[in-house]
Amino acid sequence: MRRVLLLSDKSFAARERSMIDRLEIGLTSSGVRALRAGPPIPEEAQNDALSKRHIVQFEHGAPLGAASALGVRVTGGGRVRHEAQQFLREMIEDAGLPRERPIEVVHGWGERCWPLAIELAWESGGVAALEVWRGDLVGKLRRYERGFERRGEEAPIVWLAPTESIRNAIVTSSASRPVRLSRWGVHVPAEAHAWESLKGPAHIAVLAPGQDVAGVVACLGGIGEAVAKHEETLVFLDAASTRTSRRVWQAVREHGLESRLSLIADMEGRRELLVQADLLAIAELGIGMRSITLDAMAAGMTIISRPDWETEFLENGKTALAVDPPTPDRWGRAFRRALARAKESRRIGRAAREVIQGGFLASDQIARAVETYEWLVSADAYQFTDSEPNGS
């Protein structure tokens, strides 16, 4: 039985916990001993500047699935090697793991846990399989590899890319470790709830992690202009967008959206309400791969976003609508088109749903993970000779 540790940093543990839950349970069903570690998830903080009536707050659950749940501080810096050694000793004792190569693969989710993941892999004689989920991380990969080379060792790393575009960027970068394509997956509901009624009011969800305030403000400006004649249209806004600047909340008021808007706390962690909407606007650029986009596509929602090289499966006019340049006018034009041409919007949403069914299913992700783990731990693949495959 293969022994795999699923390690996540704070951000990933919160927003992608459903996906990691599915992976953990699927791995266990496939005969993998899956252990899981990461920081505890605190209750989502509310912004005091916001009216309580606009908050939709979900309770955080603590699903442990079928894995052995382990607590660990995910940090970096000079103490990381000591933390890795201490954590391994505790894990061997508490989880009953063998002392020889206790963990074969450390699957790391989120850059903040990478230093610990690499050290854990090294100390246990295994491999760190690290998810490069965002394009701007590609330029940092060589730095992690050099950290081991300076110690006279070969970094026990394989890079995992969730999209072809990110994989190609890694292949052509200065990184020297192998890269494997590792598409994420979601469940596809039996029925596509988006655009069920072509005559009823359409609802808009806005994904905005809060890294690009100007982008969110422009998107809200476009929504405000587009929904002026659609009185029953509701808007669900990611509450994370309001935490770094008052400009987002000012834009809500300026464009007359206050009465029809609900702020969704922990939108990515709890997405039950989001997938009941018809449109998903991705207001910010460079937010990387996020399974919430795949969930929206699986539900038949129409994605409206800025063109992003990281997510090649979002094709303008086919599986999404692109906004370029991201001005309020262009956002408004895209939303007017989606609301006025409901049949076309439904067609685009259904095409996106077919993309998910064709290669982004949760079962596909689990099967690919098992295949990758087997490749890493068999036939001395972890030594990463030049003859090893570079993705599939």
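Predicted model: local features only at pLDDT ≥ 70, side-chain atom pairs only at ≥ 80, totals over all residues.

Author: Residues are numbered from 1 along each chain as its sequence is written, and side-chain values use heavy atoms, with hydrogens and water left out.

Reader: At what angle do the axes of helix α2 and helix α12 cross?

Author: Axes are lines fitted to C-alpha atoms, for helices over the stretch in contact, with angles from 0 to 180 degrees between N-to-C directions. Helices are DSSP runs (H or I, at least four residues), numbered from the N terminus. Here α2 (residues 17-29) and α12 (residues 362-377) cross at roughly 60 degrees, their axes coming within 10 Å.

Reader: Which word describes how α2 and α12 lie to each other?

Author: Angles under 35 degrees count as roughly parallel, over 145 as roughly antiparallel, 65 to 115 as roughly perpendicular and the rest as oblique. The pair α2 and α12 is therefore oblique.

Reader: How do α7 and α8 pack?

Author: Helix α7 (residues 213-226) and helix α8 (residues 247-254) have axes 9 Å apart, at an angle of about 10 degrees, and are therefore roughly parallel. Contact means heavy atoms within 4.5 Å; V213, A214, V216, V217 and L220 of α7 meet R247, V248, A251 and V252 of α8.

Reader: Which residues have the most contacts inside the largest nonpolar core?

Author: A nonpolar core is a set of buried (under 20% relative accessible area, 1.4 Å probe, protein chains only) Ala, Val, Leu, Ile, Met, Phe, Trp, Tyr and Cys residues joined through side-chain atoms within 4.5 Å. The largest has 126 residues, and L5, W159, I170, V206 and I223 have the most contacts inside it. Leaving aside neighbours within four places in sequence, V206 touches residues including C219, I223, F236 and M267.

Key
Helix = DSSP H or I, 4+ residues; strand = E, 2+ residues; numbered from the N terminus. Buried < 20%, exposed > 50% of the residue type's maximum accessible area, 1.4 Å probe, protein only.
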